Amino acid sequence: MPAETQLRAVSGNDLLRVELDALTAIYDRRSCQTHLLGEPLPDILNALGDREWTLAAFADHLSLHFDLSAADDALAVLGERLGELAALGLVSVR
Amino acid sequence: MRHCIRLAVGPVTFRIGSDWARPIAELASLYANYPASADPANATVRLEAARPWRRFIRPAVTIGGDFTIPGALPLPMSMGLLAAEMAMNLQMALGWRRHLLLHASAVERGGRALIMSGVSGSGKSTLAALLGESNAWRLMGDEFTLLEPASGAAYAFPRPVSLKNEAIAEMAARVPANRFGPLLKATPKGDIRHLIPSAEALEVMHEPAMPALILFPRFGGDVAVTRLAPSELFVRLTEASTNYAMLGEAGFTALTRLVTTVPAFAMSYPDSATGMALVQQCWAEAMA
């Protein structure tokens, strides 16, 4: 996923979230689908919040809270996880 | 339809029509002690001849109603009761919206419900029937447990217990003969005989119970009891529910509340006596 990719999470009003244990159950009111997400996907959704990001800006934002610098391929890994959320329809990618 | 009967099982009132008198007479006998319902029917079942002449020549029962399974093979007239049961289950599984439906048996004790889910042959019906015959428990149902989305309460669906194969003799040794339907031999599911719930269970069939314990029994193998994490329970129960997806947000809310508040165990057991002991042990721990 290129660094300039635009990202936006589904509005929090459209999702119901229940933490079960290691997994979080998420109900998407728009699709009526239920998703079971493991870490770090629920945290990524949380961190995206209700605004639009580029992948690079979002990685910078996360690095303020998490130690992303340890991995050289942090941007690529983050891109993969965001791709998974996009495949579930929980993040829109442009 | 030529022959009709109305049957109330828990909150469901079935209107059952048939091309023949025999299945209706058998149903009337099996459900003779069920409370009558003044409610309008909310599920329709039809037991029909596949072709007009099959009413008379080698009569074979095709199941129909509000919902049908295209291509389902008809059953011989001698299995009309099984056809009726399958048709009633089908209408419930595909049509019922008022409750979250779990493919599970349930028994009640002191206003709390034990729910047992599992595939055919897991022993969930036999264990529920055995518990239902003890003084302490009320049989709520052997096939479906109905969860009310708003309250989370379990409602009974106490149709006659469908005993299969070895379970028939096991229950016949404990229950008077007048509480059994006819023996249906060599059906696609093996030998089947229906056990009519006790009069006490039928009398209070509209009374709900709050779920307190969920078990996944598995008949056969060594004794093993494993606690299930909420996420595994959630996955198992979405698979055990025939209408989870249909209920949308109400189903999600009801099921997540259930799995985060009620303990659940997978339980293997080699025989009914051991199974009963394990159930009582798990129940005692859940109540502690």
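From the N terminus on, the elements of chain A follow the order β-β-β-β-α-β-α-α-β, giving three helices and six strands; here helices (H or I, at least four residues) and strands (E, at least two) are DSSP runs, numbered from the N terminus. The model is predicted, so local features need pLDDT of at least 70 and side-chain atom pairs pLDDT 80 or more, while totals for chains, interfaces and linings use all residues. Residues are numbered from 1 along each chain as its sequence is written, chains are lettered from A and ligands numbered from 1 in the order in which they are written, and side-chain values use heavy atoms, with hydrogens and water left out.

The C-alpha trace of chain A spans about 35 × 30 × 20 Å along its principal axes.

Turning to chain B, the domain assignment (automatic or from a database) gives domain 1 (3–95) and domain 2 (100–158 + 197–287). The centres of these two domains of chain B, taken over C-alpha atoms, lie 27 Å apart. Where they meet, 13 residues of domain 1 are in contact with 14 residues of domain 2, contact meaning heavy atoms within 4.5 Å. Between the two domains of chain B there are zero salt bridges, a salt bridge being a side-chain nitrogen of Lys or Arg within 4 Å of a carboxyl oxygen of Asp or Glu.

On the side of domain 1 of chain B that touches domain 2, the elements giving two or more residues are β1 (3–9), β2 (12–18) and α2 (80–95). Of these, α2(B) gives the most, with four residues.
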